[in-house]
Amino acid sequence: MSYFVFDHKRMYYHESGTGKPLLFLHGNTASSNMYAQIAEKYKEGHRVILIDFLGHGKSDRLHEFPVDLWFYEAQQVIAFLKGKQYTDVSIIGSSGGALVAINVALEAPELVGRVIADSFEGETPHKAFTENLLVDRARAKSDQNARAFYVYMHGPDWEEIVDHDTSAIIRHEKEIGCFYHKPLHALKADILLTGSKKDEFMSAVSEHYLENTYRDMLRWIGHGRIHLFDSGGHPAMITNQDEFFRISTDFLCAPNNAGQSAKLSIND
């Protein structure tokens with residue numbers, strides 16, 4: 001196994017395939033294991049990179065998760081990419097990993113070529129998520145399927161990781177309230193926003209939550225595309241793997257600035 005040292009702790013990563021670097025960023029309470037199947041599809045044309053953020057998966061553990069969690073994880077990614085001397089990297093991030101991907105593109109535009117951000121809240125946390133989080137997480141920890149997922153992601157200490165994550169999300173909403181340190185109009189990378197219309201978390205807030213949130217984001221950014229799947233759940237890229245692979249490959253392999261020329265386009 002390969003590790004990169006950040007903040008005096010070991011961060012796990014795995015690389016396979018050849019071509020332009022393509023980095024996958026996992027969501028909250030998950031690890032790079034969530035991409036074990038879909039990442040294989042990209043190996044023929046890309047140098048596929050999987051990482052576990054500190055505190056997750058095969059990486060070293062943290063005593064607690066910082067309140068500015070998604071920015072801290074972005075700092076891990078930036079240090080990793082600089083250490084490996086990667087530039088013009090494409091990033092696919094899902095759920096919390098999408099927040100990290102956008103932070104990386106905002107903070108280190110010289111490293112990032114294109115971003116696919118899948119199944120995430122937008123620019124600010126929605127109070128409905130954090131207000132119900134303790135109940136939702138307690139229910140998940142007692143659910144056999146959810147427990148099996150957590151074990152697969154992290155191993156036997158999964159419950160401590162889930163509790164750390166829950167605490168960080170609640171504190172972030174109360175103390176910070178914005179996922180990014182820089183304004184969205186500063187984002188230079190081509191960007192594709194994806195999600196499912198049937199996302200069980202987002203649709204619980206409102207029927208058109210993702211469509212409205214993504215439209216607002218792209219108005220601030222000034223360029224980009226949206227693709228919303230008619231079926232599937234959270235995250236969309238895992239529950240719609242074949243179609244997501246086709247759409248993402250078209251986006252990643254398109255001519256430069258193609259994403260910027262198609263402003264606010266949906267499902268094209």
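**Salt bridges and helix packing in the predicted model**

Lys-20 is partly exposed, with 30% relative accessible area. In this predicted model, its side chain forms a salt bridge with that of Asp-88, with an N to O distance of 3.6 Å. Lys-20 belongs to strand S3 (residues 20-25), whereas Asp-88 sits in the loop between helix H1 (69-84) and strand S5 (89-94), so the pair ties together parts that are 68 residues apart in sequence. Asp-88 is also partly exposed, at 40%.

The count of salt bridges comes to 18. One of them joins Glu-40 and Lys-43, whose closest N and O atoms are 3.3 Å apart. Glu-40 is partly exposed, with a relative accessible area of 48%, and Lys-43 is partly exposed at 27%. A network of salt bridges links Glu-15, Arg-47 and Lys-84.

A further salt bridge is formed by the side chains of Arg-137 and Asp-165 (3.0 Å, N to O). This pair connects helix H3 with helix H5 (residues 158-175) across 28 residues of sequence. Arg-137 is buried at 14% relative accessibility, and Asp-165 is buried at 0%.

Helix H3 (residues 127-141) packs against helix H4 (residues 144-154) at an angle of about 85 degrees, and the axes are 6 Å apart. The two helices are therefore roughly perpendicular. Arg-137, Ala-140 and Lys-141 of H3 make the contact with Ala-146, Arg-147 and Tyr-150 of H4. By class, three of the contact residues are nonpolar, three are charged and none is polar.

The count of disulfides is zero. Cys-178 is partly exposed, with a relative accessible area of 23%, while Cys-253 is exposed at 54%.

Definitions and conventions. Residues numbered from 1 in each chain as written. Predicted model: local features only at pLDDT ≥ 70, side-chain atom pairs only at ≥ 80, totals over all residues. Heavy atoms only, no water. Axes fitted to C-alpha atoms, helices over the stretch in contact; angles between N-to-C directions. Helix = DSSP H or I, 4+ residues; strand = E, 2+ residues; numbered from the N terminus. Parallel < 35°, antiparallel > 145°, perpendicular 65-115°, else oblique. Contact = heavy atoms within 4.5 Å. Nonpolar A, V, L, I, M, F, W, Y, C, P; charged D, E, K, R; others polar. Disulfide = S-S within 2.5 Å. Buried < 20%, exposed > 50% of the residue type's maximum accessible area, 1.4 Å probe, protein only. Salt bridge = Lys/Arg side-chain N within 4 Å of Asp/Glu carboxyl O.
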